[in-house]
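Subject: Salt bridges in the model

Hi,

Here is the structure we talked about. My notes on the salt bridges follow below.

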Amino acid sequence: MAIESTCYGSKSNGRLENGVQLPLQGKNFFPYSKLASDLGRTYVHTKVHDVVVAAYHALELAAPGKIFMYGETGWKIGGQFRPHRTHQNGLSVDFMVPVLNEDGRSVPLPTGFANRFGYDLEFDGDGKYRNYTIDFEAIAEHFYQLHIAAKMEGIGLSQVIFDLAYLPRLFQTRRGAFLREHVTFLQGKVWVRHDEHYHVDFAVTCKPL
């Protein structure tokens, strides 16, 4: 069992001790880039690791057949993590949007060098990119399972950043009422679009720098 991590400071000015890497693969999930994982860009606090993995396990039953992908998280020791302004103390995780193909089947988001491993993809106002459509039901269920797993771990979700234009679509899903009551979505402008991924900050008590 990994030694529990210790986070310091804030998500935008912090560091991390004993960070752990998210798994390279699961039955229903994998990283946005194996290369980026090998380079050490997918480390988190141990509690965040356990919540993320537990939520994916729960989704095997709650959302069978759905494919999920996580994005960037941070360095093993935290600190500045370009090009992000946050992700510095092990409590921030990017999740790439789950998508459906033109047949309505869950498929991996196309990521690679050409689109900056998915971060340069741009979905339109209807959540479409070429033959791909954002799976809002899968995202809503993911938020629900993250909330439940975090509560079991004794932590929480402090904030979620997702394109504001997509929130009405999320609130129309089966978990919509739950999301309105239990998930805090950042309102207002952010420095970069969040249409191809959603950013989750977890609430863990950290020590001062």
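Glu17 is partly exposed, with a relative accessible area of 30%. Here buried means under 20% relative accessible area, exposed over 50%, and partly exposed in between (1.4 Å probe, protein chains only). A salt bridge is a side-chain nitrogen of Lys or Arg within 4 Å of a carboxyl oxygen of Asp or Glu. The structure holds nine of them.

This is a predicted model: local features need pLDDT of at least 70, side-chain atom pairs count only at pLDDT 80 or more, and totals for chains, interfaces and linings use all residues. Numbering runs from 1 along each chain as its sequence is written, and side-chain values use heavy atoms, leaving out hydrogens and water.

Next, Asp135 and Lys66. Their closest N and O atoms are 2.7 Å apart in a salt bridge. Asp135 sits in the loop between β11 (132–134) and α3 (136–153), and Lys66 in the loop between α2 (46–62) and β6 (68–70), so the pair ties together parts 69 residues apart in sequence. Helices (H or I, at least four residues) and strands (E, at least two) are DSSP runs, numbered from the N terminus. Asp135 is buried at 5%; Lys66 is partly exposed at 22%.

Last, Arg175 and Glu141. This salt bridge has its closest N and O atoms 2.9 Å apart. Arg175 lies in the loop between α4 (167–171) and α5 (176–182), Glu141 in helix α3, 34 residues apart. Arg175 is buried at 18%, and Glu141 is buried at 4%. Arg174 joins Glu141 and Arg175 in a salt-bridge network.

Best wishes
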